[in-house]
Amino acid sequence: MKKTLALLLTLALCLSMGTFALADGVTLKTVSTFAGTDPATPQYNAILAEYEQESGNKVEDASATSDEAWKAGVLNDFAAGNEADIMFYFAATADSEPILDKVVSIQEINEAYPELNLTVNELLTEADGNVYAIPVRSFWEGLFVNKDLFDQFDLELPTDWAKLELAVATFKENGIVPIAVSLSDIPHYILEFCILSAGPASEHQAKPLSGEAVPESWIKGMEVLRKLNEMGAFAEDVNATTETITSQLFRDKKAAMQLDGSWFANGLAQENWDNTVVVPFPATEDDADPTAIIGGTSMGFYMTRKAWDDPAKRDAAVQLLAKLTSDDSVERMGFVFGGELLKSAKRMVGEAKAMCTPIQDMIDTEVRNYWFSQAPALADGTADATEVMTKVVNDGAYK
Amino acid sequence: MLYRDRRPLLVFLVPAFALMLVMLYYPFVLNIINSMFEIKGMAGEPQAFIGIQNYRDMFSDPTMAISIQNSLKMMGLTVIFQVGLALVLALMVDSIKKGQQFFRVVFFFPIVISATAIGLMFNLFYIRDGGMLNQILGLFGMDPVFWLDKSTAFTMVAIPVLWQYVGFYFVIVLTGLSSIPEDVYESAAIDGATGFKKTFYITLPLIRDVLITCATLSITGAIKVFDLPAVIVNNGKPNGLTYFLGTYMHNQTFVAGNIDYGSAIAVVIVLLGVIISQTVNRLLLRVGGEDA
């Protein structure tokens with residue numbers, strides 16, 4: 001009996017080894033932010049599945065929702081030599097700087113595969129003059145408003161500071177969180193918009209070097225954050241909650257407003273497309289541009305040098321990169337929403353006299369971590385805005 | 001001599017030592033070296049030599065002070081509540097005739113649940129809007145409480161940390177108790193020792209070594225605490241007040257990309273762990289009496 005069992009196990013082992021040996025194609029590793037609540041996730045996965053079927057290759061995808069830990073994870077994989085072959089990651093930002101010698105420029109790929117003619121988007125040009133990533137969607141950020149709540153309390157949309165103040169006071173009185181945000185988790189939207197509301201867009205994009213004067217609006221902006229907190233614009237647990245919870249408050253109509261990006265619009269249920277609108281965050285200073293928003297193109301698909309240098313993988317990886325960035329894929333993975341929400345978004349972007357790149361994308365990771373960590377203290381007044389922003393600049397936010 | 005020829009022992013010892021060398025001592029030495037060079041990001045190479053600058057910076061870093069303070073507080077709490085509660089529970093369970101096995105399983109159960117799952121569970125307890133605790137308060141007509149407020153957040157994260165490991169020390173102490181020969185108690189009973197006297201003069205001295213081991217394990221465990229705080233109070237929320245040495249090291253290394261400073265914190269964790277556990281171990285041995 002034991003001999004028979006041993007024989008069967010040996011045969012099974014041999015067969016499985018044979019199966020491996022006979023398997024066609026290669027296995028490619030991918031990583032992206034098409035995961036979690038990103039509505040493009042099913043389309044992204046479908047594109048990968050189509051690629052597997054068409055090419056006979058396997059794709060192992062390790063996508064996850066984008067946050068600081070995800071960014072760090074991608075960099076850690078590079079450090080350990082365990083990077084993906086194709087990845088969707090930040091480009092032309094401080095986050096992409098450490099990986100440039102480990103990814104392949106699109107120009108280099110086009111030289112070797114001229115028939116593909118991959119898009120070289122100049123918006124994603126790195127400091128060395130090369131473009132390493134192919135974008136599939138651009139983004140904008142703005143103030144999402146539950147219009148039905150404003151209608152319920154007979155309030156005007158928060159298109160200027162006075163209207164915002166009135167809305168905050170009214171919602172607070174009625175037990176609705178005026179602005180949904182987690183300062184301990186994802187504070188960057190509100191930090192960016194507070195700066196933008198407190199001075200000209202050019203100051204938001206100033207990029208002061210260490211030792212240079214801190215733009216006035218950077219300090220005033222942090223004071224706007226404190227003022228909002230004093231007005232009761234945030235939930236009691238603003239310094240100890242998560243973005244998942246605060247976003248749910250907005251979706252459940254327990255919060256009236258939320259600063260977020262275009263990806264957030266995609267996550268809103270269709271029945272809310274007509275009672276949700278997006279507007280620019282109101283200006284608090286006369287020299288601030290009330291139409292200015294945050295936006296641009298900051299992510300794209302990369303091919304890593306590791307995959308490029310592997311003769312067994314190169315063709316397969318290039319093929320996958322071309323597939324993911326084809327016109328058809330770009331259309332499928334684009335933002336999908338409609339109704340009043342889409343109309344207001346088009347209006348906001350169309351009327352914007354300035355579209356600023358997020359400061360957080362451009363500054364040093366260590367400095368950014370410090371700035372974000374101070375958001376709760378800036379809001380409750382236990383940190384001084386001038387001291388914090390001076391440290392941000394002097395610690396080398398911009399190199 | 002049981003092992004006249006000791007050479008075969010080397011066959012077993014050398015691979016284990018080599019593994020320790022590669023997986024523990026080499027990274028530790030490298031970590032000390034890294035803490036003295038400027039290193040940006042996980043993919044970064046060591047740049048300028050900065051000596052002990054990172055260790056100096058710790059003295060002016062308020063978050064580091066909070067982390068050390070919280071870790072020390074957690075150490076004290078683990079000894080009192082983890083080992084203390086485990087001892088009380090073990091003494092009670094040891095004294096019952098029926099159901100010992102049931103209580104062993106019940107108290108040990110939290111250990112087998114993943115810390116992440118426990119963390120998520122407690123997160124759901126603490127949510128201000130609709131969390132379990134506030135739902136219960138709501139049933140009694142009470143207002144919701146902000147459980148992770150500045151003044152209560154440390155306690156709220158300490159509760160699950162302490163609760164999870166009580167069962168671990170409970171099992172160790174119970175095993176120690178079961179190893180005490182029954183005839184010792186019989187002799188004591190003849191001499192008139194019962195109840196508290198029996199516990200204080202016979203049981204506790206006989207499991208002193210077990211308790212010292214538990215205290216040492218809980219102290220070293222407390223200084224390394226990471227998983228539950230990382231899930232329940234990520235980013236040291238609120239206001240960075242709930243950072244522990246482990247979570248602050250993780251933040252600096254993996255989020256801020258401040259590799260050299262993260263390495264320096266790791267060195268401090270090891271040094272503190274060794275110094276404190278050794279001190280406590282010797283102190284307890286002295287207090288208990290060398291010949292006890």
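In chain B, 69% of the contacts with a separation of 6 or more are made by residues 24 or more positions apart, where contact means heavy atoms within 4.5 Å. This is a predicted model, in which local features need pLDDT of at least 70, side-chain atom pairs count only at pLDDT 80 or more, and totals for chains, interfaces and linings use all residues. Residues are numbered from 1 along each chain as its sequence is written, chains are lettered from A and ligands numbered from 1 in the order in which they are written, and side-chain values use heavy atoms, with hydrogens and water left out.

## Exercise 1: chain B

Work out how many helices and strands chain B has, and what its C-alpha trace spans.

Step 1. Go through the elements: chain B has 13 helices and 0 strands. Here helices (H or I, at least four residues) and strands (E, at least two) are DSSP runs, numbered from the N terminus.

Step 2. Take the extent: the C-alpha trace spans about 75 × 75 × 30 Å along its principal axes.

Step 3. Check the burial: of the 292 residues in chain B, 40% are buried. Buried means under 20% relative accessible area, exposed over 50%, and partly exposed in between (1.4 Å probe, protein chains only).

## Exercise 2: the second largest pocket

Step 1. Start with the space: the second largest pocket holds about 850 Å³. On a 1 Å grid over the protein atoms alone, a pocket is an open set of points with protein on both sides within 12 Å along at least five of seven lines, while a cavity is a set where a 1.4 Å probe fits but cannot get out; lining residues have an atom within 4 Å of a point. Grid points are joined across faces, edges and corners, and a volume is the space filled by probe spheres set on the points.

Step 2. Sort by element. At least two lining residues each come from α3 (68-79) and α17 (365-380) of chain A and from α12 (245-255) of chain B. The largest share, 5 residues, belongs to α3(A).

Step 3. Sort by class: the lining has 16 nonpolar, 9 polar and 13 charged residues. (Ala, Val, Leu, Ile, Met, Phe, Trp, Tyr, Cys and Pro count as nonpolar, Asp, Glu, Lys and Arg as charged, and the others, Gly among them, as polar.)

## Exercise 3: the largest cavity

Say how much space the largest cavity holds and which element gives the largest share of its lining.

Step 1. Search the whole structure, and you get 1 cavity of 30 Å³ or more. The largest cavity has about 50 Å³ of space.

Step 2. Pick out the lining, which includes Ala180(A), Tyr189(A), Glu243(A) and Asp260(A).

Step 3. Both α10 (243-251) and β6 (255-261) of chain A supply at least two of the lining residues, and β6(A) has the largest share with 3 residues.

Step 4. By class, the lining of the largest cavity comes to 5 nonpolar, 3 polar and 2 charged residues.

## Exercise 4: salt bridges

Step 1. Over all chains the structure holds 24 salt bridges, each a side-chain nitrogen of Lys or Arg within 4 Å of a carboxyl oxygen of Asp or Glu.

Step 2. Arg368(A) and Asp95(A) are buried.

Step 3. Widen the view: Glu50(A), Glu54(A), Lys323(A), Asp328(A) and Arg332(A) are linked in a network of salt bridges. Lys323(A) sits in helix α13 (residues 314-324) of chain A and is buried, with a relative accessible area of 18%.
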